[in-house]
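Dear colleague,

Please find below the structure that I am handing over to you. A short account of what was found in it comes after.

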Amino acid sequence: QMKSPDAERPLSTGLNSKLVKENGKLTEKVWKSGGMYGAAIDKVIYWLEKAKTVTENQKQANALALLIQYYKTGDLKKWDDYNTAWVSATDGNIDYINGFIEVYNDPLGHKGSYESVVQIKDFDMSRKMEVVSREAQWFEDHSPLLPQHKKKNVVGVSYKTVNVASEAGDSSPSTPIGINLPNADWIRAEHGSKSVSLGNIIDAYNNAGGSGRLKEFVNDDEELRLAEKYGELSSKLHTALHEVVGHASGQINPGVGTPKETLKSYASTMEEGRADLVGLYFLYDPKLQELGLVDNWKEMGKAAYDNYIRNGLMMQLVRLEPGAEIEESHMRNRQWVSAWVFEKGKKDNVIEKVVRNGKTYFNITDYDKLHDLFGQLLRETQRIKSEGDYNAAKKLVENYGVKVDQAIHKEVLARNAQFKEAPYRGFVNPYITPVKDTSGKVTDYILKYPKTFSEQMLEYAKEYSFLPDNN
Ligand SMILES: [Zn+2]
């Protein structure tokens, strides 16, 4: 029955409290200093006070001050004020997430789980994004789109990658890979939101388990060599081109509705495929070397194409149950892009299907022609979006992106079975020790890791259990 004073800007009622019946009366126990979990929250405040003295700018300090007031009072209006300040503090290299935030663990969607992430800008990735973003118009002008579908003034989408320094609460030891906050819709509409991709976490997920799986599915030593040398760089550049240029590229014809209206259930996979294709088209282009993003554009481009086809036609199937169809938008688009170029290149043997000792491999024989095929498919995908051609979208996705080759799927699952991996993974946080010179100035940091996951959790229990047993 609780109502927000301003219906246009509703408070996140119930976010930081527990409802109990005491002596027949419904009582709200608020999580705050002096309230429920008070002893632990006081420690949070203690560290936030310290953080406030070392911020990079005033906006960061203002946001921290509001967060401290919120923890002291439990006042949800302060929580909204804090979020408004936090979302506008965009300058600086360090940022953080802190509070009772995500509500998806509560069946009624009200109670927030405590989480904390401290993150630092990914300087290498940010530089790459900036270069790509600065050249957004060049990419648009040189794309294979029909002239009437090209944007005259394209602006790169802003996209941030960060590296996590430490995580706690509900974001640890099992962590998200991307964060988009705040949750309140009215704050998002009036003040915007922050969206970050957690680069080092994604990288760790991708590389966990070693190169065994890669070795199983590559066709030859050259493919393996290029994948090992350029795998990480090509995937970073593909992400940069996909996000910064891909989603920003192209325009819809006058009078045609949004893709959601025209392409309906195919809008999302068509958009992801289109952005992927912009990336694929330019990943094999000397321009990237000219821009200083890669030392050998051709080898990097080859690695990117090998990886995309290997994944789109085979490796991603490890995620599906036998007999299932592909439903997830990104998985669909990776298959329809790969399967389309495979089929259209058949007469020239652009991608050959090799079977050795009962194992299937896809071997790209002509990268120039494959580049051209990606360009043709990009032009067609943009045409479908620009004209709102529902039937063409449906045909493309249904014919190439949904059905799974049952024999290949069975084979992929069998070949994958030797690689044992837990479906969920936990992370350890580093101990970060500052190194100081004689004047006490910090000159470096030493990172050390706990030897095992249990060692870390036992230490946390010993050092950071601030709540009395009866709380
Ligand atoms: Zn995308």
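Predicted model: local features only at pLDDT ≥ 70, side-chain atom pairs only at ≥ 80, totals over all residues.

Residues are numbered from 1 along each chain as its sequence is written, and side-chain values use heavy atoms, leaving out hydrogens and water.

The protein chain is divided into domain 1 (17-92), domain 2 (123-416) and domain 3 (431-463); such bounds come from an automatic or database domain assignment. The centres of domain 1 and domain 3, taken over C-alpha atoms, are 26 Å apart.

Five strands form an open sheet with mixed pairing, in the order β3-β4-β5-β7-β6. Strands are DSSP runs (E, at least two residues), numbered from the N terminus, and two of them pair if DSSP finds at least two bridges between them. At the edges are β3 (94-100) and β6 (178-181), each of which pairs on one side only. Strands β5 (residues 160-169) and β7 (residues 194-198) run parallel and are joined by three bridges; Lys-160 stands opposite Val-196 in β7.

The largest nonpolar core has 69 residues, and Met-270 and Trp-336 are among those that touch the most other members. A nonpolar core is a set of buried (under 20% relative accessible area, 1.4 Å probe, protein chains only) Ala, Val, Leu, Ile, Met, Phe, Trp, Tyr and Cys residues joined through side-chain atoms within 4.5 Å. Apart from this core lies another, of 32 residues, including Ala-63 and Trp-86.

With kind regards

Methods
Helix = DSSP H or I, 4+ residues; strand = E, 2+ residues; numbered from the N terminus. Buried < 20%, exposed > 50% of the residue type's maximum accessible area, 1.4 Å probe, protein only.
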